[in-house]
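Please read them alongside the model.

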Amino acid sequence: MSADIVLASGSEIRATLLQNAGVPVRVIPARIDEDSVMQSLLAEGSSPRDVADVLAEHKARKISTSHPEDLVLGCDQVLAFQNRLFLKPETEDMAVEQLMELQGLTHRLLSAAVVYRNGMPVWRSIGEADLTMHDMSKTQIQRYVSENWTDIKSCVGAYQVEAAGVRLFSEIKGDYFSVLGLPLLQILGYLRTIGWFEP
């Protein structure tokens with residue numbers, strides 16, 4: 001398999017995970033109106049899994065139109081909690097509000113990946129993880145947000161478990177890489193099946 005892999009995401013952690021696993025990627029972020037797509041899907045009664053999958057597919061499809069010979073990987077992550085989806089916080093106050101709702105309870109992260117080639121989807125997968133937060137005071141949460149805002153403002157849920165955010169949690173069940181936003185093991189399995197690399 002001689003095709004290059006293009007990551008249709010600006011996420012540094014996704015690119016790093018792939019590169020550390022020996023998968024060199026070209027990063028070409030796809031610009032789509034995620035909020036509009038999400039709101040439309042939710043209005044239609046779509047499940048969180050469907051929302052994550054469709055957003056990932058939109059990104060892969062957009063970049064694939066101009067890079068048809070490459071394997072284009074689109075990714076997206078959503079946070080599902082009590083029949084709602086949480087968006088990336090726009091302000092520090094919004095981040096505090098989100099974490100206050102999540103504290104002491106369990107929520108689910110769903111990380112979707114879709115691969116396009118020649119303008120068509122050829123593979124897809126969704127990784128899941130359930131995360132349980134410690135009971136925390138508003139003061140503790142405000143301090144965490146204030147100290148880490150630059151890093152967490154682009155994260156659903158307003159935390160990074162690969163950094164100080166791991167201290168917020170009492171338990172994490174499921175695929176760790178999916179918590180980071182990429183079902184890495186599934187992606188590597190796909191690349192192996194098509195002969196892109198040997199183990």
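**Helix packing, pocket and cavity**

1. The axes of helix 4 (residues 92-102) and helix 5 come within 9 Å and cross at roughly 135 degrees. Axes here are lines fitted to C-alpha atoms, for helices over the stretch in contact, with angles running from 0 to 180 degrees between N-to-C directions. Helices (H or I, at least four residues) and strands (E, at least two) are DSSP runs, numbered from the N terminus.

2. This is a predicted model, in which local features need pLDDT of at least 70 and side-chain atom pairs count only at pLDDT 80 or more, while totals for chains, interfaces and linings use all residues. Residues are numbered from 1 along each chain as its sequence is written, and side-chain values use heavy atoms, with hydrogens and water left out.

3. Helix 4 and helix 5 are therefore oblique to each other; angles under 35 degrees count as roughly parallel, over 145 as roughly antiparallel, 65 to 115 as roughly perpendicular and the rest as oblique. Their crossing is right-handed (the near helix is turned clockwise from the far one by less than a right angle).

4. On the helix 4 side, the contact (heavy atoms within 4.5 Å) is made by Glu92, Ala95, Val96, Leu99 and Met100. Helix 5 contributes Lys138, Ile141, Gln142, Tyr144, Val145, Ser146 and Trp149. By class this contact has 8 nonpolar, 2 polar and 2 charged residues, where Ala, Val, Leu, Ile, Met, Phe, Trp, Tyr, Cys and Pro count as nonpolar, Asp, Glu, Lys and Arg as charged, and the others, Gly among them, as polar.

5. For helix 2 (residues 34-43) and helix 3 (residues 48-64), the axes come within 10 Å and cross at roughly 140 degrees. That angle makes helix 2 oblique to helix 3, and the crossing is right-handed. Glu34, Val37, Met38, Leu41 and Leu42 of helix 2 meet Val51, Val54, Leu55, His58 and Lys59 of helix 3. The classes are 7 nonpolar, 1 polar and 2 charged.

6. The largest pocket holds about 880 Å³ of space. Of its 37 lining residues, Ser11, Arg14, Lys88, Ser154 and Cys155 are the closest to the centre. The lining divides into 18 nonpolar, 8 polar and 11 charged residues. On a 1 Å grid over the protein atoms alone, a cavity is a set of points where a 1.4 Å probe fits but cannot get out, and a pocket is an open set with protein on both sides within 12 Å along at least five of seven lines; lining residues have an atom within 4 Å of a point.

7. There is 1 cavity of 30 Å³ or more. The largest cavity has a volume of about 60 Å³, and its lining has 8 nonpolar, no polar and no charged residues. Helix 7 gives the largest share, 3 residues. Grid points are joined across faces, edges and corners, and a volume is the space filled by probe spheres set on the points.
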